[in-house]
Amino acid sequence: AVKSYKNEGTPDSPTVGAGPYVMVERRVGQFIRMQANPSFYRGKPAVDEVVFKIYSNADALGQALKKGEVDFADSIEANVFKTLQNQPGITTVNAVYSGFDELAFNTGAALDDGTPIGDGNPLLKDKALRSALGWAIDRQALVDKVLGGGGSPGSTIIPPLYAALHLKPANEVTYDPEKAKSLLDAAGYKAGADGIRADSKGNKLSFRLFARSDSDTSQKSVQFIKSYLAAVGVETNVKVVSSDALTEIIGQGKFDMFEWGWVVEPDPNYQLSTFTCANRSYKDGGQILANLSDSFYCNPAYDELYTKQGGQTDEAQRWETVKQMQQMLYDDAPYIITYYYDNPEAYRSDRFTGFVPQPDPDGSLLFQYGTWSYENIKPVSADSGSSSSSSSNSSTVYILAAIAALVIIAIIVVVLSRRNRTAADLDDRE
């Protein structure tokens, strides 16, 4: 059934502090309807209504845009994005973005008070092992084969979109499987008759590797990662589970490795906090619950820098501290950052104009911090030669989201979204 929001702030009686649009109708898993707020302090938007439609099939998403059933598509899969290029009336944008994906390690699961939990393979506590595996991963191939070229190889946890903050390490790890083998040999992990390496006690480098069932890129990535690691003598047993299940597994510390990603906010504090000792799992009523830390990395020196940057008011000094923290994480390797991904978008440029990229000129058009595009989108005028049926007096823009993203959630509560969630996942939570 449709839930009505008529008594919770409408364009006729907007909520205090409401943005350019307010929600008036919602059908779970299907759509969210927003109406322009005439009391918005920067003025009522030119588009009267914004409807967010949810599609569970990537191909259907592309067809809907081609047929004109929707006007904007976000987070489009690479193969669908290609089919939309050079289509009449459609503009495609491979927007640069602030997200990254990683191969994460269980560096020693514990509660925030240091009490060990879980059943992670203790071999992954060895920084030398984790660092060596970084040389086995072909990041550029992942960009090409998983993202269809829509991204760039990863390195540190603050994406290059934030140029002043991003650290490009001088000791950057590249794809060199022979070096990976050499480093593993030096760390005492020798290959056995079956080709799988083991430590001096015979404990094999055989690990569980989790992927997400609701992410096509996650499942593709782990298959490549599995082959890369096998090539240097490391065995992985891939397990595919839902994002909800993986969140619980991680919180319990019952994993060795997993593939996931983050969307990084303009201020680095939140992302940096995910590696602090205090943000490991915790107990509540005897139950172990997940917190922000998913690698269980705990380094007092890192925590000191985290506290330091939080109190620095000189921007240049703070950015330097942030880069020191990135370098520390890079060297300790709780994550191998696989890639920074772009945000493929497409819209009916024969109907709507005025999108404001963030950042200019090649950033995302809707999945942003702020409501800039929503305040500036307007119908293509009748005298522009467009065949659009929209008018400036009564206009609705239909925005669709596939499995990978639900735009309205990103706009309204993006600071609460710590990971790449599916549309259904977000819809259930928010």
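# Exercises on a predicted model

Phe-52 belongs to strand 4, residues 49–54; helices (H or I, at least four residues) and strands (E, at least two) are DSSP runs, numbered from the N terminus. The structure is a predicted model, in which local features need pLDDT of at least 70 and side-chain atom pairs count only at pLDDT 80 or more, while totals for chains, interfaces and linings use all residues. Residues are numbered from 1 along each chain as its sequence is written, and side-chain values use heavy atoms, with hydrogens and water left out.

## Exercise 1

Determine whether Phe-52 is buried or exposed, and trace its link to Tyr-374.

Solution. Step one is the accessibility: buried means under 20% relative accessible area, exposed over 50%, and partly exposed in between (1.4 Å probe, protein chains only). Phe-52 has a relative accessible area of 2%, so it is buried.

Step two concerns the partner. At 6% relative accessibility, Tyr-374 is also classed as buried. Phe-52 and Tyr-374 form a tilted aromatic pair, 6.3 Å centre to centre with 45 degrees between the planes. Rings of Phe, Tyr and Trp (its six-membered ring) pair if their centres lie within 6.5 Å; planes under 30 degrees apart count as stacked, over 60 as edge-to-face and the rest as tilted.

## Exercise 2

Find how many aromatic pairs the whole structure holds, and describe the one formed by Tyr-21 and Tyr-374.

Solution. A search of the whole structure gives 17 aromatic pairs. The pair of Tyr-21 and Tyr-374 is edge-to-face, with 6.4 Å centre to centre and 70 degrees between the planes. Because Tyr-21 is in strand 2 and Tyr-374 in helix 11, this pair ties together parts 353 residues apart in sequence. Tyr-21 is buried, its relative accessible area being 10%.

## Exercise 3

Describe how strand 2 and strand 3 are paired.

Solution. Strand 2 (residues 21–27) and strand 3 (residues 31–36) run antiparallel and share six bridges; two strands pair if DSSP finds at least two bridges between them. Glu-25 has Arg-33 of strand 3 as its bridge partner. Three residues stand between the strands of this hairpin, where Gly-29 takes a positive phi near 80 degrees.

## Exercise 4

Identify the residues that touch the most other members of the largest nonpolar core.

Solution. A nonpolar core is a set of buried Ala, Val, Leu, Ile, Met, Phe, Trp, Tyr and Cys residues joined through side-chain atoms within 4.5 Å. The largest one has 37 residues, and Leu-129, Leu-133, Leu-184 and Met-257 touch the most other members. Elements that give two or more residues to this core include helix 3 (127–134), helix 5 (177–186) and strand 12 (257–263). A second, separate core has 34 residues, among them Ile-157, Tyr-162, Trp-260 and Leu-329.

## Exercise 5

Solution. Asn-86 is not a glycine, yet it has a positive phi of about 65 degrees.
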